[in-house]
Every structure is written in structure tokens, then in C-alpha cells.
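Please open the model in your viewer and keep the selection panel at hand.

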Amino acid sequence: MSGWDEGAVYYSNQAQFTEASSEAEAVASAHSSRHSVLLKFKEFIRNFEKEKNVFPYRECLVNNPKFLTVHLEDLLSFDSDLPSLLRSSPSDYLPLFETAAGEVLAGLKMKVAGDSGEIVEPQTGEVQILLTSKEDPVSMRSLGAQFISKLVKISGITIAASRIKAKATYVQLICKNCRSSRAIPCRPGLGGAIVPRSCDHIPQPGEEPCPIDPWLVVPDRSKYVDQQTLKLQENPEDVPTGELPRNMLLSVDRHLVQTIVPGTRLTIMGIYSIFQAANSSTNHKGAVAVRQPYIRIVGMEETNEASSRGPATFTQEEVEEFKKFASNQDTYKVICSKIAPSIFGHDDVKKAVACLLFGGSRKNLPDGVKLRGDINVLLLGDPSTAKSQFLKFVEKTAPIAVYTSGKGSSAAGLTASVIRDSSSREFYLEGGAMVLADGGVVCIDEFDKMRPEDRVAIHEAMEQQTISIAKAGITTVLNSRASVLAAANPPSGRYDDLKTAQDNIDLQTTILSRFDLIFIVKDMRMYDQDKIIASHVIKVHASAQTASSDTRAPKEENWLKRYIQYCRTECHPRLSEPACAKLQSDYVDIRRGMRQQANETGEAAAIPITVRQLEAIIRLSEALAKMKLSHVATEGDVAEALRLFKVSTMDAARSGINQHIHISPDIANDIKNLIYTASGKPDKEKIGNWKSHI
């Protein structure tokens with residue numbers, strides 16, 4: 001018999017008043033149900049227990065009276081009806097929840113002495129309720145008309161954030177004839193206020209009646225809250241191939257404003273609403289019934305870099321399987337065999353790509369300096385050596401990845417652009433590829449075809465892992481904590497053994513020093529190797545049709561992705577003492593060797609060996625330890641990292657004709673003049689004679 005003490009009026013249903021009584025009954029039942037829901041909300045905030053005598057929401061409200069984050073799972077365990085009410089009509093019941101929170105807070109606060117010394121009730125402001133839930137987000141493409149005014153959960157990446165505006169919650173009106181005033185509430189979100197057409201003042205005899213539309217808005221006496229609009233785009237990995245990513249307008253207010261910068265990955269809960277667009281196109285000018293959708297956010301959480309794709313939580317079985325796999329002796333070998341299995345050979349490149357996917361440990365120093373943990377790799381070499389295939393594989397396997405081509409990318413497209421909003425005429429930031437791939441990998445193909453001024457734009461993103469913007473009155477810093485995997489061709493198209501390393505690697509020293517590993521991939525013409533590669537490629541093509549029906553391959557790919565995700569979240573290795581000592585002595589030896597080589601040849605190496613390369617070896621050692629879920633990088637990891645460094649960057653620095661024959665720069669120029677014709681093209685007959693002479 002619940003509800004008897006709620007102050008409602010009860011009556012018997014008389015036959016002669018059927019219609020009137022049914023209406024009154026509906027009003028009374030609606031009032032009583034809202035009142036009972038309000039009491040339930042108040043009881044939930046006051047009495048919900050997580051453990052014995054632990055009241056989380058009551059404590060949160062006292063500690064932070066501005067807003068309260070409520071888990072829908074807790075609400076469900078307390079009362080099974082409340083979450084369904086919130087999901088079906090959130091715009092009705094969420095204000096009720098906020099009222100309940102305000103009343104509970106007023107009851108929890110101590111009475112205070114007023115100005116006159118009397119004890120008065122404490123002043124409590126409005127409490128904002130933020131909802132959160134563990135359910136999976138729905139796709140942005142599946143949001144249709146059936147979701148309007150319902151609670152939805154979607155995830156995506158913020159590409160733009162507007163400036164803060166003041167949104168009126170109550171508008172104060174004054175009649176221009178009789179000067180009577182009234183306050184009318186505004187619809188929340190992007191909705192406006194409905195101003196009445198007539199004044200309800202009854203004119204006295206001889207007084208002029210109020211005309212139609214007599215109301216004037218008094219802005220100074222209206223009540224306002226902060227409001228901001230965001231633009232949320234689908235995660236790049238969720239967009240179907242060949243389609244443009246969709247975006248959705250979001251509206252945030254009160255304590256959620258200015259918490260999000262462009263490039264942040266979000267999972268939001270909100271009310272799917274509609275509004276009349278001010279700048280609707282000419283086709284829809286007369287269409288009264290056509291409205292634009294947007295989402296009014298009522299709960300928001302930033303997805304950290306590891307959990308932005310797929311669920312962040314791992315099941316107990318998965319964790320046990322990962323730990324069992326990591327404890328094997330040949331973990332490193334098995335992971336490398338799973339990297340691009342359709343590509344034959346290139347074992348060291350596969351190992352480097354594995355290190356790039358796992359990454360080193362990011363460090364924050366006490367003085368505020370941040371050291372990057374992401375590994376950058378450059379593949380430089382002949383055409384048809386599977387460079388782009390590596391990039392495509394990484395794009396599919398990395399938890400977050402953006403693929404772009406050098407010729408089709410501008411500096412603004414890679415970093416961030418400032419765009420003017422067509423409706424409000426104000427500027428806002430839109431993040432580029434490096435910002436969208438925050439916490440993942442950026443794959444840049446045709447790296448050598450990029451314009452030099454565009455390539456300079458990613459210098460800061462590769463080392464400091466931030467992008468600084470100072471354009472159109474917007475000065476800000478965006479995060480771009482991403483690894484870079486780039487593929488490039490030498491200037492002449494093919495790698496020329498008769499040229500020096502500087503001529504073959506036609507990139508600036510500043511950009512080369514930012515790459516941890518630089519591989520020179522050559523197309524070697526050897527009979528036995530060509531035979532094996534030909535049989536491998538033919539086998540791949542022959543078995544491709546049968547593999548499409550087999551579902552094991554995607555499952556394995558997904559397993560590798562989950563394992564990478566788990567390692568990146570759970571494991572942050574550091575170097576052991578013996579590993580540090582070994583690394584120090586080896587680095588000094590490498591520097592001495594490069595100095596000696598520069599003295600002998602008379603010119604500096606094309607790829608400088610600097611402290612950045614020492615940090616690269618540290619990162620590689622940490623990535624190798626991370627693959628085995630080890631928290632300490634051992635001497636074995638350092639030895640393997642040094643071997644990878646020597647077969648990639650060191651070989652590239654020592655490549656070129658000067659290293660194979662001990663000749664001075666003057667003789668090298670004489671040979672070049674001798675071999676090349678007057679037009680600047682190589683004379684094939686002379687080259688053949690020269691090679692046979694060597």
C-alpha cells in the first residue's frame with residue numbers, strides 16, 4: 001500500500017462525473033508518480049551502500065556539491081524501475097534527479113548563522129547529475145528517429161570545440177504596455193524559450209489593453225549557464241572502407257564545458273535531441289517538420305589511449321592466456337611470425353614493426369619534461385619491396401591507426417587546421433591525422449614526395465609529441481602521442497649503390513635523427529632468393545580464395561591486437577643496472593666508430609648518431625621487455641635492441657660507395673664525372689666496365 005502518505009487527494013469514482021474524474025485521476029496519478037520517483041531518487045542518494053556503512057553518493061555530494069556522477073548499474077541494483085525511466089524519458093526525470101540531489105545536499109549541510117545572527121538554512125546551488133554506464137556504445141550510423149528523446153551512448157573523437165556561450169535557463173520578460181514581468185523557462189540544450197503572444201493583465205476601465213506580442217526580454221535579470229558545442233567524429237577505425245566519417249553535434253553545459261580539447265577520444269552518454277537549424281539550406285526553408293539531430297551530453301568519460309578501441313576490460317580467461325603466452329621462451333619469435341605473415345623475408349623489419357606496435361615506456365620527469373615512449377621507423381628503398389604492405393598491416397593491427405600518403409597530405413591535414421564556422425562565423429580548431437592518431441600509429445606512405453615545408457610541420461609531433469597552434473587568434477597545444485611508420489623511395493626511384501649515402505637518402509638530418517630505426521630495403525637479384533620469393537607469392541595468390549572462407553585469420557589478428565592493447569596498458573618496463581652499464585659502453589663505442597669513419601672519408605655520416613639514437617635503443621629494449629610482460633629490460637633485451645639498431649640505422653649510415661671502397665671525396669667526384677654523361681644521365685656501358693673493373 002505504498003503511496004498513501006504522499007499528500008495526494010483520493011476520491012471515489014462517481015458515475016455522473018466520469019469524464020472530469022478520469023482527467024483529474026490522470027493528473028493526480030502523474031503528480032503522485034513524479035513525487036514517488038523524487039522520493040526514490042532522494043532515498044537512493046542517501047541510502048545506497050557499496051559496502052557495509054559506505055555511502056558513496058552521499059559522501060561525493062558533501063565533498064563536491066557541484067556535480068554527482070551516478071552509475072546506472074548502481075541505480076539498477078537499488079531500484080529496477082529507475083534506470084528504465086531515465087532511459088525512456090531522460091528529459092523528464094533527469095531534472096527531477098537534480099532536484100532530489102539538491103534537496104539531499106541541503107539536508108546534509110549544517111545550518112549556518114545569517115547576516116543578522118539568526119540560524120538559517122544553508123544556500124545550496126544546483127547539482128548537476130552526470131550519468132555513466134558499462135554498456136557498449138552504439139554506432140553513430142545506427143542512430144535514427146526511434147532514438148529521439150532517448151538516452152544513447154556513443155564513442156568517437158572530438159574534432160572541434162566552440163567557444164563558451166551563455167545559455168539562458170530562465171528568461172525574464174516585461175510587458176511594454178503595463179510593465180508587468182514574468183519569468184519563463186527555456187528548453188535545455190539548443191532549444192529556445194516559447195514566448196507567449198499576449199499579456200494576461202486585465203485592463204482597468206479607461207486603461208488601454210495590452211497589444212499582441214507585448215513582451216520584451218530583459219537580459220540582465222535572466223538566469224544563465226555556460227554552454228559549449230563540440231563536434232564528435234566516428235573513430236577512424238570504425239569507418240567502413242570508402243566512406244566518409246560521420247560527425248555529430250554535441251552540446252555540453254555547466255561543469256562539462258572547457259574540459260575537452262580537439263583530438264580527445266570520448267565515450268559519451270546523452271539525450272538524442274533535435275533542433276531547428278538557423279542556417280538551414282534553401283531546400284528546407286519551408287519544411288517546418290525537418291529538424292537537425294544533436295546530442296545533449298549528460299555524462300562523459302575520456303577513453304585512455306589503450307582502451308579507445310574495443311572494451312578496456314579484459315576477461316579473466318584472456319588475462320590468464322596472455323600471461324601464459326608471455327611466459328614462453330619463444331614469445332618474441334612467435335609475435336614476429338604473426339607480423340605480416342604474407343610477406344616473405346624482411347625478418348629484421350618485422351621485428352622493428354613489432355617493437356613499434358608495443359612501444360617503449362613514456363616517462364614524466366620531476367621538472368615537467370616528458371620523454372616519449374613511441375618508436376618511429378622509416379623504411380627506405382626500392383619499389384616492390386613490400387613497404388606499403390607493412391604500412392597497411394600496421395594500420396589494421398594497431399589499436400589506433402591513421403594511414404595517409406605523402407603527396408595527398410598537407411601540413412594542416414597532418415597537424416591541425418583552423419576553420420571558420422559557417423553559422424556563428426567564429427574560428428574553431430579541427431585536428432589532423434597526427435592528432436586523430438593520439439596514442440596509436442600514423443602510417444605515412446610516399447614520405448619523400450611530401451613538400452619540405454609540410455614535412456617540417458611534423459618535427460615537433462615526432463619528438464615533443466605535441467602540436468602547437470598559433471593561428472587566427474587561437475593559441476593552443478594539442479597532444480599527438482603517436483608513433484610514425486614512414487615509407488620512402490630514394491630520389492632516383494631505386495637505391496643506387498654507386499652513390500654515397502647522402503645522395504641516396506635525400507632527407508634532412510633533422511628529420512632523420514627523429515627516426516629510431518631506418519631500414520634500407522634493397523631488391524637483391526639472387527637466383528635462389530628470387531625462386532623462393534616467386535614460389536611464396538604464387539602460393540599466397542593460389543591459397544587466397546580458400547583463406548577468405550576460413551575465419552581463423554581475423555581471429556588471430558584480433559588476438560594480436562588485444563595482446564598489444566593489454567601489454568600497453570599493464571606493462572611499463574625500466575632498464576636494469578647491468579643493462580644500463582652495457583648500453584653505456586656500447587653507445588660510446590658506436591660514437592667513436594662513427595667519428596673515426598668521418599675522419600677517414602672526410603665527410604659526415606648521412607644519418608647522425610646522437611643522444612636521440614641512445615634513447616631509441618632504450619625504447620627498443622623496453623618494447624622487447626613489454627612483449628614478454630616483463631617489468632625489467634635485461635641485458636638480452638639491450639643486446640637485441642643494439643643488433644636491430646646496427647642492422648638498420650648503422651648500416652644505413654655506413655651505406656654508399658665510400659664504405660665499400662676506400663677512396664677520397666675527390667676521387668669519388670672524378671669517378672662520378674667519368675661515368676655520367678654530359679646530360680647528367682648515367683652511361684650504362686661505362687658503368688658496366690667500372691663494375692667489372694671493381
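Begin this tour of a predicted model by selecting residues 165-175, which form strand β6, together with residues 181-185, which form strand β7; the two strands pair in the antiparallel sense over five bridges. Within this pairing, pick out Y170, which stands opposite P185 in β7. Then move to the hairpin of β6 and β7, where five residues lie between the strands and where R179 takes a positive phi near 65°.

Next, select helix α2, residues 56-63, and colour P56, Y57 and L61, which are the buried residues of this helix. These residues cover an arc of only 130° around the axis, and they therefore lie on the same side of α2.

Is E98 buried or exposed? E98 counts as buried because its relative accessibility is 17%, which falls under the 20% cut-off. Show the side chains of E98 and R254, which make a polar contact at 3.1 Å. If neighbours within four places in sequence are left aside, E98 is in contact with V127, Q128 and I129, as well as with R254.

Finally, zoom out to the protein chain, which holds 24 helices and 25 strands, and in which buried residues make up 43% of the 694 residues. Among contacts between residues at least 6 apart in sequence, 73% join residues at least 24 apart.

Methods:
Residues are numbered from 1 along each chain as its sequence is written. This is a predicted model: local features need pLDDT of at least 70, side-chain atom pairs count only at pLDDT 80 or more; totals for chains, interfaces and linings use all residues. Side-chain values use heavy atoms; hydrogens and water are left out. Buried means under 20% relative accessible area, exposed over 50%, partly exposed in between (1.4 Å probe, protein chains only). A polar contact is a pair of N or O atoms within 3.5 Å; within protein, one must be able to donate a hydrogen and the other to accept it, and residues adjacent in sequence count only if both atoms are side-chain atoms. Contact means heavy atoms within 4.5 Å. Two strands pair if DSSP finds at least two bridges between them. Helices (H or I, at least four residues) and strands (E, at least two) are DSSP runs, numbered from the N terminus. The arc is that of the directions from the helix axis to the C-beta atoms.
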